[in-house]
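Colleague: I'd like a close look at one part of this model, ring by ring. Could you walk me through it?

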Amino acid sequence: MTTWQIETRRVYADGRSFGDFGVFEIVEGRVRYAVDPADPRNLGIVDLELAPRDDDGYVRYSGDYTIVAPRDLAARKLLVDVPNRGRRLAFSILNRAQPADLLEDPCAPGDGFLFRRGFALASIGWQWDLTAGLRLDAPQVLDNGEPVEGDVVCRVQPGSDRPFVSFGQLGEVTYPPADLHDPTARLFVRDHDNAPLIVIDRCRWRFARDREGVVEPSGRFIRLDGGFEKGRIYTLVYRARGARVTGCGLLALRDAAESLRAGEGPAATARPTVLAFGASQTGRALRHLLHLGLNTDSTGNRVFDGVHVHIAGGQRGDFNHRFAQPSSAGVLAAGQRFPFSGTTARDPASGSSGGLYDNLAHMPNVVITNTSFEYWRGDAALTHVSPDGARDLAPHLLERNYLFAGTHHVNGILPPTNTFAATGEKARYPFNVVDHSPLVRAAFANLDSWVAEGKPPPDSQVPTLRGANLVERGVVLGKFAAVGGFQGLDPDRLGGLAALDLGDRVDDGVCELPAIEGRPYARLVSDVDDSLNELAGIRLPEVELPIGCHTGWNPRHPDHGAPDLPAIFVGFSRFGGELAAREDVERRARDCVRALVAAGFVLAEDFERVVAASLRVHEAASALSTSGGP
């Protein structure tokens, strides 16, 4: 059961009209859920049976929502936007609203891409451990009426030498320690992700921080005698109390979509087609939702017709085990286990076979889009190659998979810089400047047409063993090493996914931590051409012409330690040598984009934008000459 509470309702975007669909309205409030733990559809949700129940046996919880929908007609298409750490995504990624506009209004319309296509947009809060943005109040896990206890794992890689560090995972600490003085808490250190964990003596560290020259106890920081060393990787395991049923967030996405599809929500719908979009963390959440088979509604029908999974790689995440931390990144737990691909594959570690979609009674059409970063992270290739890296997997009939060649996780950044504005942390080389947003929009539009009209999207575009362009990372790094003065990565120190031993109760959602890592899975990337640009995938003009060299990896800056390891989320762009004249670049860029439009990888409406983006990169390269690149 799902009910909607309206807190505000107003005309959207000052009454701006969006094509044939007129004026829209924006509705915000709370959505209340009631789920039956005995319903077979919910049996995969860890600890749901241990949550408090009402007199009718239902588990109840609630979350935030935002809906933007046509004011004067019933929407026939609905997009469920899965917020990333509370932040609505579709307004920026698909509607291309500018950062300055989003600071003023997090629901700024941008160019109205979705609304001109007739979509109602529902952003549904699903994550409970947030202090801002759209969130969910997930129920507690109780054992005989008392909050349960269990282990929590956190990963920290400081960018400077410091006496104490926060152990929050891309945000606030999810679970504070049950006992700040617990002698069984453990802290490990290693120099890279393939090295063994080395335990640090418990007497050398404590849950504490320095404040005004005084060491004070803290449930958010750990303090180490002698200090934490920049670039080294620390793993903390401690006991916490009061787990939440994190998987209720996935049920919220399913049940909110079902209710809106049935016309029960605050915005009128006419049994619309329903798509879902998630990026990075929330792309992984959608992969997890599909793996659990959560695409069947209470009447036995389909919930999502199509799902666009963007920059998620081959992972799921911390979304459905006891003491899961949805914001964690790089922590090995239950969500990093086999299977990784939609197509059935064999796990060489366990000998079992399976696919990501095996539990689905209703398979949606799925579009997967990744940048080079997710391949270099060590897991995106697992969406289309066997876990041992020995063979290409046959494409799933209802899936398309695309690599955006020469791009990175946080999209193109101009003017060139090697510094994150928000944190001040740096990478060694200037960040990748290639804007891949037109490719995301076209991929989404193709999914829309696939669902609404039965028009299949273009064939998948990924590196393959068959095409001789899917290789070990060391092969590519060897080619970069031949460039004079270039400082790259150490291929032997690069992480990725591996078979994990999380204890005997992992299938019940209870993990023994830290995970014991076994045999590594394939960690493959696209090979590069003579310009050091990726051969495989969809190549924008900056890569195809090329205008410079563009990667999905970038070494950490020496100031921040571990300079032979990758900086998180970013690649780099390198310029050098003689540049072609602007007129020649524009002519060739137009030919390239014309071919991309004809192939279905760029929308006709974005033609001039893609050409202009390539010219901006050319201008940046001209200004930097050889001084701006590695």
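Which residues form one aromatic cluster together with Trp376?

Modeller: The cluster is made up of Trp376, Tyr429, Phe480, Phe486, Trp553 and Phe572. Before the details, a word on the model: it is predicted, so local features need pLDDT of at least 70 and side-chain atom pairs count only at pLDDT 80 or more, while totals for chains, interfaces and linings use all residues. Residues are numbered from 1 along each chain as its sequence is written, and side-chain values use heavy atoms, with hydrogens and water left out.

Now the rings. Rings of Phe, Tyr and Trp (for Trp, the six-membered ring) pair if their centres lie within 6.5 Å; planes under 30 degrees apart count as stacked, over 60 as edge-to-face and the rest as tilted. The structure holds 31 aromatic pairs. One of them joins Tyr429 and Phe486, which are stacked with 5.3 Å from centre to centre and 20° between the planes. That pair links distant parts of the chain, 57 residues apart: Tyr429 comes from the loop between strand S23 (399-404) and helix H7 (437-453), and Phe486 from the loop between helix H8 (473-481) and strand S25 (498-501). (Helices, H or I with at least four residues, and strands, E with at least two, are DSSP runs numbered from the N terminus.)

Phe486 also pairs with Phe480, and here the rings are tilted, at 5.5 Å centre to centre and 40° between the planes.

How covered are these rings? Buried means under 20% relative accessible area, exposed over 50%, and partly exposed in between, with a 1.4 Å probe and protein chains only. Tyr429 counts as buried because its relative accessibility is 8%. Phe486 is buried too, at 9%, and Phe480 has a relative accessible area of 1%, so it is buried.

Elsewhere, rings meet charges. A charge sits over a ring if NZ of Lys or CZ of Arg is within 6 Å of the ring centre and within 35 degrees of the ring normal. Arg202 lies over the face of Trp205, 4.0 Å from the ring centre. Likewise, Arg209 has its charged end over the ring of Phe221, at 4.7 Å from the centre.

So, back to your cluster: Tyr429, Phe480 and Phe486 are among its members, along with Trp376, Trp553 and Phe572.
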